[in-house]
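Here is a short report on one protein chain.

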Amino acid sequence: MTQDVDCPEVEEKGKRRKGLAQDMKLRLGFLRRRHTDSAIQSSVRPPPDEVQKWADSFHDLMANKYGQALFRAFLQREYSEENVEFWLACEDFKKVRPHKLSAKARKIFNDYVAVQAPKEVNLDSSTRTQTINNLTNPTRHSFDQAQRRVQGLMERDAYLRFLQSELYLELLHPDNHNNHCGASSR
């Protein structure tokens, strides 16, 4: 009883951690569902023809909410989610109201572009300098060069590995995955 009174922060942290874990489980739960449950498949899992479109281009993948979530989960497994987070932050930045551009630009810079930023993305010095210069008078295009650079890195590396990953292939070929993995997953 005294623990509840003396340590509400500890209890609150535990609840938040549990809540975050449950939230992540719910968000990525569609990855675990099998093709055999047609009600779930039609409402949650994207059909294979939609999944196939993700291989057409990085933009097709990122334009699809399931594709985006799956790619993000893939990058989290590889401890490199800062790249997609930066790319998404840049996309959101392009939609920000003009009076909020400066504050949002500073946040993106501090989180991703600044040297030793908590989620620093890999930018060459020229791109980093150009981005810093763009922030003296921010516009919706202030991060375009940096975003293209990070996108290029992802397209040449992580995106190609993603297209070969079991996460992607299971959605692309659900029947094959069930036939080969169904017995071992039980």
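Among contacts between residues at least 6 apart in sequence, 60% join residues at least 24 apart. The model is a predicted one. The chain holds 13 helices and zero strands. Of its 186 residues, 37% count as buried.

**The core**

The largest nonpolar core has 40 residues. Trp 54, Met 62, Phe 71, Phe 86, Phe 143, Met 154 and Phe 162 touch the most other members. Several elements give two or more residues to this core, among them helix 5 (58–63), helix 6 (65–77), helix 11 (158–164) and helix 12 (166–172). Helix 7 gives the most, with seven residues.

Take Phe 162. Leaving aside neighbours within four places in sequence, Phe 162 is in contact with Trp 54, Leu 61, Leu 70, Phe 71, Phe 74 and Tyr 168. Two of these partners, Trp 54 and Phe 71, are also listed with Phe 162 among the core residues that touch the most other members.

**Helix 7 and helix 10**

How do these two helices meet? The axes of helix 7 and helix 10 (residues 144–156) come within 10 Å. They cross at roughly 145°, and the crossing is left-handed. The table lists the residues on each side.

| Helix | Residues in the contact |
|---|---|
| Helix 7 | Asn 83, Val 84, Phe 86, Trp 87, Cys 90, Glu 91 |
| Helix 10 | Ala 146, Gln 147, Val 150, Gln 151, Met 154 |

The residues of this contact divide into seven nonpolar, three polar and one charged. Phe 86 and Met 154 take part in the contact. Both also belong to the core.

Asn 83 lies in helix 7. Is Asn 83 buried or exposed? Asn 83 is buried, because its relative accessible area is 16% and the cut-off for buried is under 20%. Not counting residues up to four places away in sequence, Asn 83 touches Val 121, Val 150 and Met 154. Val 150 and Met 154 are in helix 10.

**Helix 8**

Helix 8 covers residues 101–113. Which of its residues are buried? They are Leu 101, Ala 105, Ile 108, Phe 109, Tyr 112 and Val 113. Seen down the axis of helix 8, these buried residues fall within an arc of 100°, so they line one face of the helix. An α-helix has 3.6 residues a turn, so residues three or four places apart point the same way. The buried residues of helix 8 pack against helix 7 (82–93) and helix 9 (125–134).

Conventions:
Residues are numbered from 1 along each chain as its sequence is written. This is a predicted model: local features need pLDDT of at least 70, side-chain atom pairs count only at pLDDT 80 or more; totals for chains, interfaces and linings use all residues. Side-chain values use heavy atoms; hydrogens and water are left out. Buried means under 20% relative accessible area, exposed over 50%, partly exposed in between (1.4 Å probe, protein chains only). Helices (H or I, at least four residues) and strands (E, at least two) are DSSP runs, numbered from the N terminus. The arc is that of the directions from the helix axis to the C-beta atoms. Contact means heavy atoms within 4.5 Å. Axes are lines fitted to C-alpha atoms, for helices over the stretch in contact, and angles run from 0 to 180 degrees between N-to-C directions. A crossing is left-handed if the near helix is turned anticlockwise from the far one by less than a right angle, and right-handed if clockwise. Ala, Val, Leu, Ile, Met, Phe, Trp, Tyr, Cys and Pro count as nonpolar, Asp, Glu, Lys and Arg as charged, and the others, Gly among them, as polar. A nonpolar core is a set of buried Ala, Val, Leu, Ile, Met, Phe, Trp, Tyr and Cys residues joined through side-chain atoms within 4.5 Å.
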